[in-house]
Amino acid sequence: MLIDLIETNTAVVSDFKVRDEEAQKSSEQHNIDANFTNAINGVKQTVTHLCGVREGADFEETQEVSKKIAEMLETCKMAIAQRHVKAADTARINGMNREINGALVEEWKTYHTGKTSSIREILGIARNLSGAEATSLISDINATASWNANVNDVIRMTEALDEANELIGKLELNDSIVEFLKKMMEHRASLEDLTSDVLEWIEKENLKKRIKLTFGQ
């Protein structure tokens, strides 16, 4: 009887151990699924943001990044089609998403610099002539220097660039005038920089009393 009792209890303990392992596995799978959901939300955020930026500005990612996005979406599709998502799937998707976002950060930086640097420089010069308007436009343009900038801010940046071009057009700042004003700001302007175009513009804008010349070293 004692042997039977031991065998019976051993069987019960073994059965409990199996059920306990299955419960742990279910809990582990639950965590895997939760992490996978977060990964998918991250992918959705990346793609949604990219689409919004592309609509709000004339930005377009490179073919290489576009290809990587397609690969990431295909990986997501294959993972979802499985009966059980694996932790490795989540890790792979997160890695691909980080790589894509890293590339987009650099591509947006290049785009933003090329799109805005010259206008921001001219606006910086025009700030002394047009006051608050130029300052506000510079602020709106600078607000989107980061890839993670809000899509609404990107749309505003596009509008600000158009408004900046209109403002610069009203000020009639040709290259020689911009160069003169830049030298003035850097205290490098001399009489040689007062070309006929610059003198005509100074006269037209009634700036004679605001511009002062000094002897240099």
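The protein contains 7 helices and 0 strands, where helices (H or I, at least four residues) and strands (E, at least two) are DSSP runs numbered from the N terminus. Read from that end, the order of elements is α-α-α-α-α-α-α. The model is a predicted one, in which local features need pLDDT of at least 70 and side-chain atom pairs count only at pLDDT 80 or more, while totals for chains, interfaces and linings use all residues. Residues are numbered from 1 along each chain as its sequence is written, and side-chain values use heavy atoms, with hydrogens and water left out.

Of the 217 residues, 31% count as buried; buried means under 20% relative accessible area, exposed over 50%, and partly exposed in between (1.4 Å probe, protein chains only). The protein exposes about 14,600 Å², of which carbon and sulfur atoms supply 53%; accessible areas come from the Shrake-Rupley method with a 1.4 Å probe, and for residues only the protein chains shown count as cover. Among contacts (heavy atoms within 4.5 Å) between residues at least 6 apart in sequence, 67% join residues at least 24 apart.

The interior comes next. In soluble globular proteins, nonpolar side chains tend to be buried together. Here the largest nonpolar core has 47 residues, and those with the most contacts inside it are Phe59, Trp108, Leu123 and Leu173. Such a core is a set of buried Ala, Val, Leu, Ile, Met, Phe, Trp, Tyr and Cys residues joined through side-chain atoms within 4.5 Å. Two or more residues are given to this core by each of helix 1, helix 2 (63-81), helix 3 (87-130), helix 4 (132-142), helix 5, helix 6 (175-185) and helix 7 (196-204). Helix 3 provides the largest share, 11 residues. Apart from its neighbours within four places in sequence, Leu173 is in contact with Ile122, Ala126, Ile168, Val178, Leu181 and Trp201.

Helix 1 spans residues 2-56 and includes Asn31. Asn31 counts as partly exposed because its relative accessibility is 44%. Its C-alpha atom is separated by 9.1 Å from that of Ala87, a residue 56 places away along the chain. Arg54 is also found in helix 1, and its relative accessibility of 37% is why Arg54 counts as partly exposed. Leaving aside neighbours within four places in sequence, Arg54 is in contact with Phe59, Glu60 and Glu61. The C-alpha atoms of Arg54 and Val154 are 9.4 Å apart, although 100 residues separate the two along the chain.

In helix 2, the 19 residues should span 27 Å at 1.5 Å a residue, and the end C-alpha atoms are 27 Å apart, which agrees; the expected span is 1.5 Å times one less than the number of residues. Its buried residues are Val65, Ile69, Met72, Thr75, Cys76 and Ala79. Seen down the axis, these fall within an arc of 120°, so they line one face of helix 2; the arc is that of the directions from the helix axis to the C-beta atoms. On the other side of helix 2, Gln63, Lys67, Lys77, Met78 and Ala81 are exposed.

Asp140 has its place in helix 4, and a polar contact of 2.9 Å joins its side chain to that of Arg156. A polar contact is a pair of N or O atoms within 3.5 Å; within protein, one must be able to donate a hydrogen and the other to accept it, and residues adjacent in sequence count only if both atoms are side-chain atoms. Beyond its neighbours within four places in sequence, Asp140 is in contact with Arg156, Met157 and Ala160.

Helix 5 (residues 151-171) has 21 residues and reaches 30 Å from its first C-alpha to its last, close to the 30 Å expected at 1.5 Å a residue. Its buried residues are Val154, Met157, Ala160, Leu161, Ala164, Leu167, Ile168 and Leu171. They lie on the same side of helix 5 because they cover an arc of only 130° around the axis. The face turned away from this buried side carries the exposed residues Asn152, Glu166 and Lys170. At the start of helix 5, a side-chain oxygen of Asn150 reaches to within 2.7 Å of the backbone nitrogen of Asn152. Just after the helix, Glu172 takes a positive phi of about 55°.

In helix 7, the buried residues are Val198, Trp201 and Ile202. Their arc around the axis is only 100°, which puts them on the same side of helix 7. Ser196, Glu200 and Lys204 are exposed on the other side of helix 7. Asn206, with a positive phi near 55°, follows helix 7.
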